[in-house]
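Subject: A structure for you to look at

Hi there,

Here is the structure I promised to pass on. Have a look at it first, and then read my notes below.

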Amino acid sequence: LEDAIAAAPSYLQPPLAERHSLLPFADTRELRKRSKEIKRSSCEVAEKLWHALLASDTKHVSQLADELEPHELAVCARWKRRDLATDLVQEVDEATPPFGETLLHAAAFAGHVGLLGQLLGAGARVSRTGQQSCCTALHAAAAGGNLEACERLLAAGCRVGALSAGKRSALYIACLKGFHDVARALVAAGADPYASPSGGEAVMSLLRRLGGPAAALIPIFDEVSRAAAAA
């Protein structure tokens with residue numbers, strides 16, 4: 001049984017070993033049953049976090065995050081929202097917050113940088129995309145206007161120029177929604193406002209089309225881009 005515990009995923013080994021020390025498993029079948037119970041209960045915690053994040057219930061999110069056991073956090077970092085009856089991933093499209101099915105997307109959109117950091121530290125893949133939306137968590141953070149979340153994701157290696165299914169970058173979304181501080185930070189991080197993806201609109205074209213305060217970003221982006229090219 002000790003060998004079976006050692007063969008389990010690393011995040012399951014501590015709770016299984018603790019359970020075995022308190023009440024030894026009768027056989028490997030019982031051990032596998034306990035493994036499934038741990039995964040199921042951890043997924044239930046992830047589901048609670050998902051709903052609290054989308055409800056902008058910061059207090060509840062913080063409470064749940066503070067109470068996470070290491071194995072629960074490991075599951076949350078790898079979790080995708082699934083239908084409880086079919087176990088199929090509940091896909092989120094490009095028009096629906098948080099634009100992806102993971103807790104990293106939800107934490108980024110809500111701007112909960114504490115949980116975002118926990119998930120990244122527990123192994124959440126920073127450039128993981130939504131199954132239907134193709135959005136990264138950076139898209140979600142930009143859509144929520146969350147500058148600190150964007151900075152965290154960029155520092156963790158998220159691709160600044162990743163495109164959604166609709167050929168939109170995080171920069172495009174920030175500009176479209178009027179989050180100009182986020183847009184400036186993305187350009188400073190290397191986002192190309194001149195890029196015109198096949199089937200998509202360049203950010204500079206969007207700014208000219210929007211006009212008003214958005215047009216004020218054009219000379220700023222020009223200057224940043226020239227400075228980056230000269231560096």
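**Overall picture**

The 25 positive and 26 negative charges of the protein have mean positions that are 4 Å apart. Lys and Arg count as positive here and Asp and Glu as negative, while His and the chain ends are not counted; each charge is placed at NZ of Lys, CZ of Arg, CG of Asp or CD of Glu.

Before going further, please keep in mind that this is a predicted model, in which local features need pLDDT of at least 70 and side-chain atom pairs count only at pLDDT 80 or more, whereas totals for chains, interfaces and linings use all residues. Residues are numbered from 1 along each chain as its sequence is written, and side-chain values use heavy atoms, with hydrogens and water left out.

The protein has 13 helices and zero strands. Both kinds of element are DSSP runs numbered from the N terminus (helices: H or I, at least four residues; strands: E, at least two). Along the principal axes, the C-alpha atoms fill a box of roughly 70 × 40 × 35 Å. The accessible surface comes to about 11,600 Å², and 52% of it belongs to carbon and sulfur atoms; these areas come from the Shrake-Rupley method with a 1.4 Å probe, and for residues only the protein chains shown count as cover.

Of the 231 residues, 43% are buried. Buried means under 20% relative accessible area, exposed means over 50%, and partly exposed is in between (1.4 Å probe, protein chains only). Among contacts (heavy atoms within 4.5 Å) with a separation of 6 or more, 62% are between residues 24 or more positions apart.

**Cores and helix α10**

In soluble globular proteins, nonpolar side chains tend to be buried together. A nonpolar core is taken here as a set of buried Ala, Val, Leu, Ile, Met, Phe, Trp, Tyr and Cys residues joined through side-chain atoms within 4.5 Å. The largest one has 59 residues, and Leu119, Leu153 and Phe221 have the most contacts inside it. Apart from that core lies another, of seven residues, including Leu12, Leu16, Phe25 and Leu31.

Leaving out residues up to four places away in sequence, Phe221 touches several others, among them Leu171 and Cys175. Leu171 and Cys175 are also among the buried residues of α10, together with Ala170, Tyr172, Ile173 and Ala174. Helix α10 (residues 170-177) is mostly covered, with six of its eight residues buried. What do those buried residues pack against? Their partners are α8 (137-143), α11 (180-188), α12 (203-210) and α13 (217-230). Just after α10 comes Gly178, with a positive phi of about 85 degrees.

**Two aromatic pairs**

A pair of aromatic rings is described by the distance of the centres and the angle of the planes. Rings of Phe, Tyr and Trp (its six-membered ring) pair if their centres lie within 6.5 Å; planes under 30 degrees apart count as stacked, over 60 as edge-to-face and the rest as tilted. Searching the whole structure turns up two such pairs.

Trp50 and Trp79 are edge-to-face, 5.8 Å centre to centre with 65 degrees between the planes. This pair links distant parts of the chain, 29 residues apart: Trp50 is in helix α3 (residues 28-54) and Trp79 in the loop between α5 (70-78) and α6 (103-110). Both Trp50 and Trp79 are buried.

Phe99 and Phe109 are also edge-to-face, at 5.6 Å centre to centre and 80 degrees between the planes. Phe99 is in the loop between α5 and α6 and Phe109 in helix α6, ten residues apart.

**Backbone points to check**

Most residues other than glycine have a negative phi, and most peptide bonds are trans. Pro97 and Pro98 are joined by a cis peptide bond, with omega about 5 degrees; Pro98 lies in the loop between α5 and α6. Asp87 is found in the loop between α5 and α6 as well, and has a positive phi of about 65 degrees although it is not a glycine.

Ser56, in the loop between α3 and α4 (58-66), is not a glycine either, yet has a positive phi of about 55 degrees. Ser56 is exposed, since its relative accessible area is 58%.

Enjoy exploring!

Best wishes
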